[in-house]
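Me: I have a structure open and would like to work through it step by step. Can we go chain by chain?

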Amino acid sequence: MPIEIDIAHVARLARLDLTDEELEGYKSQLGVILDHAARVQGLQGEPHAGSAHPLGLFNAFREDEARPSLDRDEVLSQAPESADGYFVAPPALEIE
Amino acid sequence: MTADAPTIVEAGRRLRSGETTAVELIEAVIDSAHRTEAQLHAYLNLDREGAREAAQAADSDLAAGRDHGPLHGIPVALKDNMCTRGLETTAGSQILAGYAPPYDATVVRRLRDGGAVIVGKTNLDEFAMGSSTENSGYGTSYNPWDISRVPGGSSGGSAAAVAAGSALAALGSDTGGSIRQPASLSGIVGLKPTYGTVSRYGLIAFASSLDQIGPLTRDVADAALLLEAIWGHDPLDATSYHGAYPDPRARLDHGVDGMRIGVVSELAGDGYEPAVEAAVAGMVERLAASGAEVVELSLPTFEIALSAYYLIAPAECSANLARFDGIRYGHRAVGDTAEALMARTRAEGFGPEVTRRILLGTYALSAGYYDAFYGQAQRVRAAIQDDFASAYRQVDALVSPTSPTVAFKAGERVDDPLAMYLSDICTIPSNLSGHPAISVPIGVDDQGLPIGFQVMAPALGEQVMFQVAAEVERQADFTARPTLIEVAS
Amino acid sequence: MTTWEPVIGIEVHVELTTSSKMFCGCAVAFGAEPNTLVCPVCLGLPGALPVTNRRAIEWITAIGLSLNCEISEHSVFHRKNYFYADLPKNYQISQFDLPVCVDGHLDIVVEGTVRRVGIERAHMEEDTGKSIHVGTGGRIHAASSTLLDFNRSGVPLVEIVSRPDMRSAREARVYAQELRSLVAELGVSDARLEEGSIRFDANVSVRPEGAGELGTKVEVKNMNSFRSLERAVAHEIERQVEVLESGGALVQETRHWDEEAGVTHSLRTKEGSSDYRYFAEPDLVPMVFEPEWVEEIRSTLPELPAQRRARYVESGLDADLAGILSDSALELRLIYEEAVSAGAPLKAAANWLTGEVMGWLRRTATDSSVIALTGGQLAELLGMIEEGTVSSSAAKDVLDGVLAGEGSPREVAAGRDLVQISDVSALESAVEEALAANPDAVASFRSGETKVVGFLVGQVMRATEGRADPKLVSEMITSRLGE
């Protein structure tokens, strides 16, 4: 069963600014891979969710104690643009 | 010229007997790198200065009676997806070109605390996605056994360095086989520990529920030693196991007499090179001859393991890689709005394989498709765990080839993603189950290319896994070494 | 003519005042220098991993128990995926279909009636960083750049979602205030609207009365005080009714309340609703709420409204009064407790608080959190009535004065000249004058018409500008005439 993929929508969701040519290319590659991946639908027997962690871990917490934060200069040294202690970015067009 | 660097155990003996120093060890490693890097490109960043400083400190400490343990003074290379404070960490991607983390990964801290000498950062498929290292944003690495071939991936740089002697050991990461498969293709030992036993804090995430850091070494005893040095509970990793850890070295000399070993019938046949199958079958016979009870077992869910993996891993990676947006670190493209900047940055910074997987993962999670794809893949995963559980009620360990083929030619599979993915068909099941697995070199094919033998064990079954692996190593008596072309320095 | 029924639900976000953030050890603090409370985890650096703050989980459990919720046996974090510059990982660790708390309720008292508002769920999540839009006008579309501060990124946030059980803007406001009081009383949050440590969004729709189906839902944001919440919801109801009555159709959208203009504006609608692609957070393990742990948390809770109501009834208040008092604001209840400790009679204190005091707060649109009256003062006032220093009607004026901040009851009574004259000698001359000025009345009394005493008391009251103790005057006149 050929899977119809709205590749432009997926690329938008993933914030990937791809050309139409690139999008076409990825669309057909994804189709091939998904065809193979769709084999998961052939699972026999009683499906169940399984445990979230192979060793069945749960309730992993840390105590509510404040610890030293990073040095701001070291942090901002990696920033593409910063000013007065802030990271600087272009304005957002949409509001979440 | 052959590479004949010492093992960690041997180097440690020489250090303590005074036959050598940490400085000598690192200089030999650096020299080896100088002679081979032009051909291999195993390293993205050979940190000569840092390594020499660490070696000197290791020597003074030893002289002063401060012995930090088995890794003291040992040159270890790190796959470049592990954060090293102040030292460029790229994850093999252009999107992190020039990025220097403000912190060390937990495993890095443990190595440093253990006196290890960090040689540098090795090459990898971009964000650990690949099986050949050809997806690196900085050019591929090559195989010391044949430099027209790949060393495997994604920890190809680490594997090549250890095989060539330009590190005595290395750390890699394994999400679908990325330690074991390159170890197999490069003729060394590589293992993926039980999920949760080695901290992922500071490992640049690919697929969170599958990633594990593990050792690449020259032999099985070294792998056990290095594993012990890096594993253990980490409060900074919520998925970190806080129960009792087995002693991986306790049964190294015990042999396999009386053990039950299962051969996985699904991991054979079409797509497997005859030389690989023959070598593996030969080793299975030798194990039987050494006293193991060998049975053939069918784990039917293994047929769809690859499919489940190629839904779960991309889904998780699509979210893990969302943070690379040009806002706080890394590459930033030009853009008038935040949205445009992010989308342009990511398109410019990510290579095709990464882009492919992000798109795949985003699709598998998206509205209307979640249940049929991601949801279903998780159910398959649970079924795989059930198959393993039932198998381990019958046997102590499972064995198979590590990879269906030996090292393939560079360029051979790059244009066929599915063909590339098939390299991981033997290794993926134990990532999905979280169980430990190791690859041991057992021979070469008629082209002189190494063949790897995989031993899988139940969760926290490293003791059993090493026990079988050590016997495999003894039986294989693998003494072949890669033939490297010398380059005038 | 259709009668329209408003249907309102409220979503509340509460910032917890834990010492450290939800998933890392950075301190939680208000007003620090930008980007000084950050680490690899809350900055979304490559390789960082979250670890859950135990206290935050205990506190959301406490909130849930206080709201009569069921605590899920098994609860899981999910990734909510969307891109935004102040969201460092471009996903928020939140909860999807297995939240910590489900199916609770909060009883509120609106204009004397108890209304039960259902709580659908309360879940745990992390807050985002702050964006400051720099440019002309300060409005987002006119900005030339954004400054980002991640100090707030990762602060623990509890989201409480009510069922759409409210039917008026007033109810919405009371619900919001009650929830705020509860959270403040639990000590888990500063819960200050103006600081953003508590935030309210309203979901408003209307439908013809009696209709079963819900109308188109509109989300209203940016209400920065309880008053503006009530105004915004009331306006939105009106707007929706207008649209529908003029034959138009409503759009499911998010609208932004403009306090100055008194209207809601449509925010730019994005194509389609957001696809958050939720999946279980693989970097965290599930939470299992063992009964012993939940009970331990329950035992640390302060007295909850239902228990308090019962306690009041047991102490002698009737059910209705107990209910109103128990559900009144924390500050009022504290005044009650203080007054009673200072010796005030229970019923009188409760009556005055739920009657006169609450009436005054409503009339002057004052929030109980800034009330000037203390329990001691209320006890004093009630004592003054008891001893006859002021008449009960004068006491209302005295109370007004105390609430307005004029001072203690005695000070106000003196200052406003409301002290009742209860001194016989002080009244003697007034009584004599009244009797002298009304010989016919005196004669009527002497011929058996005792009712005329009331008239004479009235005369004395007029002469003393209402300050004479009427009972005493009546006694004096009766005894004087009896001579």
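Me: How many helices and strands does chain A have?
Reply: This is a predicted model. Take the elements of chain A from the N terminus on: they run α-α-β-α-β-β. Sorted by kind, chain A has three helices and three strands.

Me: Which helix of chain A gives the most to the side that touches chain B?
Reply: In this contact, 45 residues of chain A meet 55 residues of chain B. Helix 1 (7–13), helix 2 (20–37), helix 3 (72–76) and strand 3 (86–89) of chain A each supply at least two residues of that side. By class, the side of chain A that touches chain B has 30 nonpolar, nine polar and six charged residues. With seven residues, the element that gives the most is helix 2 of chain A.

Me: Why do the buried residues of helix 1 of chain B lie on the same side of the helix?
Reply: The buried residues of helix 1 (residues 8–17) of chain B are B:Ile8, B:Ala11, B:Gly12 and B:Leu15. An α-helix has 3.6 residues a turn, so residues three or four places apart point the same way.

Me: Which helix of chain B gives the most to the side that touches chain C?
Reply: The contact takes 34 residues from chain B and 26 residues from chain C. Helix 9 (305–320), helix 10 (338–349) and helix 11 (352–365) of chain B give two or more residues each to the chain B side. By class, that side has 22 nonpolar, six polar and six charged residues. With three residues, the one that gives the most is helix 9 of chain B.

Me: Which are the edge strands of the nine-strand sheet in chain C?
Reply: This open sheet of chain C has the order 3-7-8-11-1-12-13-14-15, with mixed pairing. Within it, strand 7 (residues 101–110) and strand 8 (residues 113–126) run antiparallel, joined by nine bridges. An edge strand pairs on one side only. The edges are strand 3 (70–71) and strand 15 (263–266) of chain C.

Me: Is C:Gly135 buried, partly exposed or exposed?
Reply: C:Gly135 lies in strand 9 (residues 130–135) of chain C. Buried needs 20 or more other C-beta atoms within 10 Å, and exposed needs 12 or fewer. C:Gly135 has 14, so it is partly exposed.

Me: How far apart are the C-alpha centres of domain 1 and domain 3 of chain C?
Reply: Chain C is divided into domain 1 (4–293), domain 2 (303–415) and domain 3 (424–481). Between the C-alpha centres of domain 1 and domain 3 of chain C, the distance is 66 Å.

Methods:
Residues are numbered from 1 along each chain as its sequence is written. Chains are lettered from A and ligands numbered from 1 in the order in which they are written. This is a predicted model: local features need pLDDT of at least 70, side-chain atom pairs count only at pLDDT 80 or more; totals for chains, interfaces and linings use all residues. Two residues are in contact if their C-beta atoms, placed from the backbone, lie within 7 Å. Helices (H or I, at least four residues) and strands (E, at least two) are DSSP runs, numbered from the N terminus. Ala, Val, Leu, Ile, Met, Phe, Trp, Tyr, Cys and Pro count as nonpolar, Asp, Glu, Lys and Arg as charged, and the others, Gly among them, as polar. Two strands pair if DSSP finds at least two bridges between them. Domain bounds come from an automatic or database domain assignment.
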